Amino acid sequence: MIYCTKCGTGNPNQAIYCIEDGHALHQSMQTGLTKQTSDMVCHNCGSDQVSGAQYCYFCGESFECVIHKVPERVKPKDHNIKMNDFKRPLLLAIPFALLCIVFLYVFSAFSLSLTDNHSYAEPFQHDMEDFEQVQWGVSYRYLLDSYQMMKLEATEGAQQMNWSPTVISALSPVDIMLLGNLGEVYVTFDEVTNQKTSETLTNHTMESKLGLSFYLIITVITIALAGMLYAFRVKVSDEKDWLIQTISFSFIYSIMMWVLSILTDYSMEKGYQTVNEVTNYSYQSWGVMWKSFLISFVVLLSVLSFKKGMKAQSVYAKGVKLASLAAVTIMSLYLILSGLIIGNVQEESFYQVLIGSSLISGLVLIVQLSVYMLNLSFLNTFEMSGGDFNPEHFQYQILQTVDSSLNNRLIQQGFVYLENYLWMMLVITILVILLYSLSFRKFTRKNQTKTILVYSGFISLIFTGLTYASNFSYSIVRAEFNEHYVIGFSLITLLLVSIFLSLITSLVGTKLMKISKKN
């Protein structure tokens, strides 16, 4: 035991400084190398200490000072997504999702006003010689308008309408909102005896998907606008925040659309002497829910990828951002070309037939033609088939001859006319994808591969969604016979071709940049 000459405190034999006041005990520094087992350790020199000591006996450091010198340990952020992470984002997303619904209602009402010069019951004036060439257009227009008539039957609208040319459309802005979220209409028609047995005499059901991309575009633009406002309010610093905010908004939005689809249910019963006719018009609510979630998720993912708070090294956000820019650029070019083509055929009889529908305007046809041209440029096959009772079919692909049971010279000439532009647009599409892929040269090889995969996959996802929205389907199930009509393209073909084309183009672009750097 060594006693301090200043305060008289007893210190261990190996002590160099007093444990009470830090006064030097005039021993050699070498003696302090021997450590003893203790619960206290000096953070300055690492030697074991006596319990209750105020100063280190080896280096004389005050333990109070040492505490202030120890840097605060920052707990690493947990990148695993947990349920608790969604509490605040879900609450924050509610007003913005409501705002999105309001915007969508306004835009849907505007889209209906685009056809205010059309009459639901307005007949098409034509010569018998010309009817063969426009017959398919008349059938397509009838298919588009037929479930409107079913809604009228379910809401007593048919009696009020009485085929009056002043009635524009049976659909409301809410219907357009649901159709824009790719909702499918489900109609049932039953004839039931009003006797005690309540026997069902006849029954048939109808399912229909509109197949007009224009209304999906309206939905996408609306969600993007609300998403921009949402992006200013939320914090997005990494991929975890990115996904949490996107999922939260999409979930709230899809729940609201699901509620709307449940409320948009019409039923009408008409009683006669011995028979009651019951018509029900509704939307497949669960289909509306998951489709609206997916649409919102893709759009919000794109919008939030532009937020400045995202880390620069986020290769996934970079891939989504560039894919969104590339898809918008490509579709804008197709829309411009489509607008020029539609402007040149406004006097054609086929155009006049289609434009007479209460759901089709010139703008609707421009968007629809642009999606068709995109698919044809990607070597996809256009197919029209329908009518199990009187089957007809038409197939076209730019590498094959027309396969058709229709004696429709007008449709065949129209597709041949488009061939003059399709190859040009395919080259332009490849150049646009290549141009945006040049940004990948800044990444390391590992991150470059991830970004290219995300970039190619997201472009394909966007194009496949537009194609799905443009595909028309209509089916009627009766006891006597069934009818099925399909107009559109193969989703699998487009998905595979667009992924392959985007991957190859991106890889070639990054390879060319490396070669140019070396030279």
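## Pocket, rings, helices and loops

The lining of the largest pocket divides into 32 nonpolar residues, six polar residues and one charged residue. The model in which this pocket is found is a predicted one, and the volume of the largest pocket comes to about 1300 Å³. Of the 39 residues that line the largest pocket, those closest to its centre are Ile217, Val220, Val299, Ile462 and Leu466. At least two lining residues come from each of helix H2 (87–113), helix H6 (213–233), helix H8 (285–304), helix H9 (315–344), helix H11 (362–377) and helix H13 (445–470). Which helix gives the most to the lining of the largest pocket? That helix is H6, which contributes nine residues.

H8 has 20 residues and reaches 28 Å from its first C-alpha to its last, which is close to the 28 Å expected at 1.5 Å a residue. Of the 20 residues of H8, 16 are buried, and the helix is thus mostly covered. For H11, the 16 residues should span 22 Å at 1.5 Å a residue, and the C-alpha atoms at its ends are 22 Å apart, in agreement with that expectation. Is H11 largely enclosed or left open by the rest of the structure, and why? Because 14 of its 16 residues are buried, H11 is largely enclosed by the rest of the structure.

H11 is followed by Leu379, whose phi is positive and near 65 degrees, although Leu379 is not a glycine. This residue lies in the loop between H11 and S9, and with a relative accessible area of 31% Leu379 is partly exposed. A positive phi near 65 degrees is also found at Leu182, again a residue other than glycine. Leu182 has its place in the loop between helix H5 (173–180) and strand S5 (185–193), and at 10% relative accessibility Leu182 counts as buried.

Leu182 is one of the residues that line the largest cavity, together with Leu179, Gly183, Lys209, Leu210, Gly211, Leu212 and Ala469. By type, the lining of the largest cavity divides into five nonpolar residues, two polar residues and one charged residue. Lys209, which lines the largest cavity, also takes part in a contact with a ring: its charged end sits over the ring of Tyr468, 4.5 Å from the ring centre.

Phe378 and Phe463 are both buried. The rings of Phe472 and Tyr474 have their centres 6.4 Å apart and their planes at 10 degrees, so this pair is stacked. Phe472 and Tyr474 are also buried. Elsewhere, Phe96, Tyr230 and Phe249 form one aromatic cluster.

Pro12 is found in the loop between strand S2 (10–11) and strand S3 (40–41), and at 16% relative accessibility Pro12 counts as buried. The C-alpha atoms of Pro12 and Ile2 are separated by 6.2 Å, the two residues being ten residues apart along the chain. Leu114 has its place in the loop between H2 and helix H3 (128–154), and at 28% relative accessibility Leu114 counts as partly exposed. Although Leu114 and Leu359 are 245 residues apart in sequence, they are 8.8 Å apart in space, C-alpha to C-alpha.

Key: Residues are numbered from 1 along each chain as its sequence is written. This is a predicted model: local features need pLDDT of at least 70, side-chain atom pairs count only at pLDDT 80 or more; totals for chains, interfaces and linings use all residues. Side-chain values use heavy atoms; hydrogens and water are left out. On a 1 Å grid over the protein atoms alone, a cavity is a set of points where a 1.4 Å probe fits but cannot get out, and a pocket is an open set with protein on both sides within 12 Å along at least five of seven lines; lining residues have an atom within 4 Å of a point. Grid points are joined across faces, edges and corners, and a volume is the space filled by probe spheres set on the points. Helices (H or I, at least four residues) and strands (E, at least two) are DSSP runs, numbered from the N terminus. Ala, Val, Leu, Ile, Met, Phe, Trp, Tyr, Cys and Pro count as nonpolar, Asp, Glu, Lys and Arg as charged, and the others, Gly among them, as polar. Buried means under 20% relative accessible area, exposed over 50%, partly exposed in between (1.4 Å probe, protein chains only). Rings of Phe, Tyr and Trp (its six-membered ring) pair if their centres lie within 6.5 Å; planes under 30 degrees apart count as stacked, over 60 as edge-to-face and the rest as tilted. A charge sits over a ring if NZ of Lys or CZ of Arg is within 6 Å of the ring centre and within 35 degrees of the ring normal. The expected span of a helix is 1.5 Å times one less than its number of residues.
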